[in-house]
Amino acid sequence: MNILFASSEASPFAKVGGLGDVVGSLPAALREIGHDARLIMPKYGVIPEKFSADFEFVTNFTVLIGQAYKYVGLFRYVHRGVTVYFLDNKEFFGGDVYGYDGNNEAERTVFFCRAVIESIAHLGFEPEVLHLNDWQTALIPALLKWQYPQLTLKTVLTIHNLRYQGLFDIPHLQGLTGLPDEAFTIDCLEFYGCANILKSGIVLADKVNTVSPHYAEETLTGEYGERLEGVLAMRGENYSGILNGIDYEVFHPRKDARIAAPYGPRSLGGKAVCKKSLAEELELDEDKCFITVISRLVDQKGLDILAECAESLLTDPRCVLIVLGTGEPQYEALFDSLAQRYPENARAILKYDGALAQRLYAGSDLLLVPSRFEPCGLTQIIAMKYGTLPLVRETGGLYDTVRPYNETDGSGCGFTFAPYAAHDLAYTIRRAVSIYFDEPDVWKKLIGRAMRMDYSWKQSAQLYAELYRSALQ
């Protein structure tokens with residue numbers, strides 16, 4: 001099959017979160033099983049010159065947004081066998097991925113969606129399926145339905161995080177798109193008096209999925225459905241969950257040049273070297289249990305319950321808490337304060353640093369992911385491959401990927417808790433730390449089991465291929 005991915009971000013060109021990792025690796029996995037999967041995305045100003053310097057200019061054209069025609073430059077680049085198309089417009093994409101003037105967010109979204117559709121005539125490639133990702137591309141099915149009926153493309157929409165939906169004023173969006181009044185009814189875009197772009201994609205895409213089976217189930221409930229649970233339920237068997245994978249060419253301790261030493265499940269000496277190197281870098285005592293958070297510092301990630309029990313964690317002289325990430329000011333201030341008050345036991349690195357993240361995966365002992373909700377989560381999957389045991393809340397993809405350690409039969413590859421409560425998180429941390437110090441043989445077995453877990457794209461790519469076939473039928 002011919003599949004064209006449309007996404008607002010993709011690794012390694014311009015990535016903010018898990019969406020970028022997924023779209024950056026799934027097309028390659030599909031190509032490995034015989035499909036021609038390609039990608040189209042914005043040509044951001046932040047794309048590293050080591051890539052952009054080699055972009056091949058294809059053509060240029062214009063698209064109508066509101067009453068104005070806007071320039072589109074189309075470029076092409078081949079990365080690891082995958083053809084990637086870039087849409088150029090300095091007004092909308094001249095800066096960072098999402099660091100732009102919020103006043104033109106609607107214009108930028110309409111421009112991207114229309115440019116994706118109109119670029120198809122210039123690609124020299126005829127996609128059968130458009131694979132859309134999150135709300136930034138979810139307007140495409142509505143545009144196809146009302147304004148491009150000659151195109152017989154099938155559409156698959158993947159929801160990476162249901163919380164972000166793309167809400168806009170109805171008259172403004174209608175003026176930009178030229179969509180008819182019937183598109184802005186409760187059966188499509190209308191949503192509590194405004195226009196909801198993600199909702200329109202859920203209603204009109206041929207198939208809709210999210211990024212783990214358990215999250216798909218959760219989103220059908222009032223607790224996790226973000227007021228779209230009824231719309232999702234109406235899709236019935238056309239809504240499903242497919243677990244994300246990771247690219248083991250990028251995330252593998254035997255191959256990763258960013259860490260201090262290579263290692264595998266049967267040769268863990270390199271992991272000890274990585275921990276020693278990390279301890280020296282951060283000026284910490286390597287004999288302590290390194291507990292790490294690698295995350296956007298936002299409410300979704302369970303940081304409020306971590307804040308409640310952080311004091312008790314840091315007063316344990318055996319533990320170190322390391323936080324890497326940026327986000328909401330109150331959480332940045334919280335972890336910065338903890339690092340200053342507990343200089344021997346806490347570090348707060350308030351920035352995005354991909355290379356340091358790899359050193360943390362390799363050199364830490366525990367990775368905390370106490371999320372309020374988590375569509376899939378990639379950090380816990382990466383951590384397991386690097387032999388850092390995940391400690392997660394049983395929600396979404398965390399539930400699907402981390403098997404809790406069972407003291408009775410010795411099974412499991414991490415630690416989990418269910419109620420969203422600081423007490424349960426604190427108890428689970430204490431239990432894990434106790435096993436780390438008191439039962440080193442058990443800990444070593446858990447590391448080996450975690451590192452052998454297979455969360456590559458191999459199986460999930462097959463499931464996506466089946467989803468595309470179903471859409472075509």
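Q: Over how many bridges do E6 and strand E7 (residues 154-159) pair, and in which sense?
A: Strands of a sheet pair through backbone hydrogen bonds, either parallel or antiparallel. In this structure E6 and E7 pair in the parallel sense over five bridges, where pairing requires that DSSP finds at least two bridges between two strands, and where strands (E, at least two residues) and helices (H or I, at least four) are DSSP runs numbered from the N terminus. Within this pair Val 129 stands opposite Lys 154 in E7, while the partner of Asn 133 in E7 is Thr 158. The model is a predicted one, in which local features need pLDDT of at least 70 and side-chain atom pairs count only at pLDDT 80 or more, although totals for chains, interfaces and linings use all residues. Residues are numbered from 1 along each chain as its sequence is written, and side-chain values use heavy atoms, leaving out hydrogens and water.

Q: Which strand pairs with E6 over four bridges?
A: That strand is E1 (residues 2-6), which also runs parallel to E6, and Ile 3 stands opposite Val 129 of E6.

Q: Are the residues of strand E6 (residues 129-133) buried or exposed?
A: Burial is judged by relative accessible area (buried under 20%, exposed over 50%, partly exposed in between, with a 1.4 Å probe and protein chains only). Five of the five residues of E6 are buried, so this strand is largely enclosed by the rest of the structure. Val 129, His 131 and Asn 133 point one way from E6, with Leu 130 and Leu 132 pointing the other way.

Q: What unit do E6, helix H5 (residues 140-147) and E7 make?
A: A crossover is right-handed if, with the strands pointing away from the viewer, the path from the first strand over the helix to the second runs clockwise. E6, H5 and E7 make a right-handed β-α-β unit.

Q: What is the order of strands in the open sheet of nine strands?
A: The order is E3-E4-E5-E2-E1-E6-E7-E11-E12, with mixed pairing. Strand E3 (56-65) and strand E12 (239-241) stand at the edges with a single partner strand each, so one side of each has no neighbour in the sheet. The twist averages 25° from one strand to the next, with angles taken from 0 to 180 degrees between the N-to-C directions of axes, which are lines fitted to C-alpha atoms and, for helices, cover the stretch in contact. H4 packs on this sheet, with E1, E3 and E6 among the strands that it touches, and its direction makes about 125° with that of E3; contact here means heavy atoms within 4.5 Å.

Q: At roughly what angle do the axes of helix H4 (residues 105-119) and helix H6 (residues 170-177) cross?
A: The two axes come within 10 Å and cross at roughly 35°. In this contact Ala 106, Glu 107, Val 110 and Arg 114 of H4 meet His 172, Leu 173, Leu 176 and Thr 177 of H6.

Q: Which strands stand at the edges of the open sheet of six strands?
A: The order E15-E14-E13-E16-E17-E18, with parallel pairing, leaves strand E15 (346-349) and strand E18 (415-417) at the edges, each with a single partner strand, so one side of each lacks a neighbour in the sheet. The twist averages 15° from one strand to the next. Strand E14 (residues 319-324) runs parallel to E15 and is joined to E15 by four bridges, with Val 323 opposite Ala 348 in E15.
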